[in-house]
Amino acid sequence: MKATFISIIAGLVGFLTGPLTTNPSARNYNQAIIWPEGFHPTESKFYVENEIEIDASPEIVWSILIEAESWPNWYEGAKDVKVTGKNSPNLSQEARLSWKTMGLKFDSEVREFESNQRLAWLSDKKSIQGYHVWIITPTETGCRVLTAETQNGWLTFFEKTFQPKKLHRLHDIWLAALKQKAESAQP
């Protein structure tokens, strides 16, 4: 009986402290993503990965994605977005992004910026640190867009415990809105 109780507690602790992958197929982790130290899904407390096919060119998708200050107009998860940097108001290499998402204010810094292909930013605050990646891959009919995020910090415990699927759902909404916007922008 005591061994069973200890096993249950150990399992619960492992669940609450170990990485959470809300997309079971993502357990192999996309090899195209270049994770900074401490943010690889196997090193992080929280991981989500979402993907969508878009019938629009990578250039169209990219142009919409880097217009960060317009995100609140078409994506419900972004508010009060402000970009600073050499090409503001658009995202660019080393641009900084101040915004609210999931009820929290974040200051993020662009870490990867390869036009029409890759975009990533690091968000770092005392309670939570996140690394968010976008990869755009051309297809015969347009492109495939993958977005993935890892998180660390004490706030991830509450996210995993009380809202384990919220971020995955919000990223699905973001991708669906991006798809609609990009496909309606086709010539």
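How much space lies in the largest pocket? In this predicted model, the largest pocket holds about 350 Å³ of space. Its lining comprises 23 residues, of which Met102, Leu104, Phe106, Ile128 and Gln151 are the closest to the centre of the pocket. By residue class, the lining of the largest pocket divides into 12 nonpolar, 8 polar and 3 charged residues. At least two lining residues come from each of the elements tabulated here.

| Element | Residues |
|---|---|
| Strand E3 | 96–101 |
| Strand E4 | 104–114 |
| Strand E5 | 118–124 |
| Strand E6 | 129–138 |
| Strand E7 | 143–152 |
| Helix H4 | 155–162 |
| Helix H5 | 166–184 |

Helix H5, which supplies part of that lining, also packs against helix H2 (residues 58–65), with the two axes 9 Å apart and at an angle of about 120°. Because an angle between 115 and 145 degrees is neither roughly perpendicular nor roughly antiparallel, H2 and H5 count as oblique to each other. The crossing in which H2 passes H5 is right-handed, and the contact is made by Ile60, Val61 and Ile64 of H2 together with Leu178, Lys181 and Ala182 of H5. Of the residues in this contact of H2 with H5, 5 are nonpolar, none is polar and 1 is charged.

Notes: Residues are numbered from 1 along each chain as its sequence is written. This is a predicted model: local features need pLDDT of at least 70, side-chain atom pairs count only at pLDDT 80 or more; totals for chains, interfaces and linings use all residues. Side-chain values use heavy atoms; hydrogens and water are left out. On a 1 Å grid over the protein atoms alone, a cavity is a set of points where a 1.4 Å probe fits but cannot get out, and a pocket is an open set with protein on both sides within 12 Å along at least five of seven lines; lining residues have an atom within 4 Å of a point. Grid points are joined across faces, edges and corners, and a volume is the space filled by probe spheres set on the points. Helices (H or I, at least four residues) and strands (E, at least two) are DSSP runs, numbered from the N terminus. Ala, Val, Leu, Ile, Met, Phe, Trp, Tyr, Cys and Pro count as nonpolar, Asp, Glu, Lys and Arg as charged, and the others, Gly among them, as polar. Axes are lines fitted to C-alpha atoms, for helices over the stretch in contact, and angles run from 0 to 180 degrees between N-to-C directions. Angles under 35 degrees count as roughly parallel, over 145 as roughly antiparallel, 65 to 115 as roughly perpendicular and the rest as oblique. A crossing is left-handed if the near helix is turned anticlockwise from the far one by less than a right angle, and right-handed if clockwise. Contact means heavy atoms within 4.5 Å.
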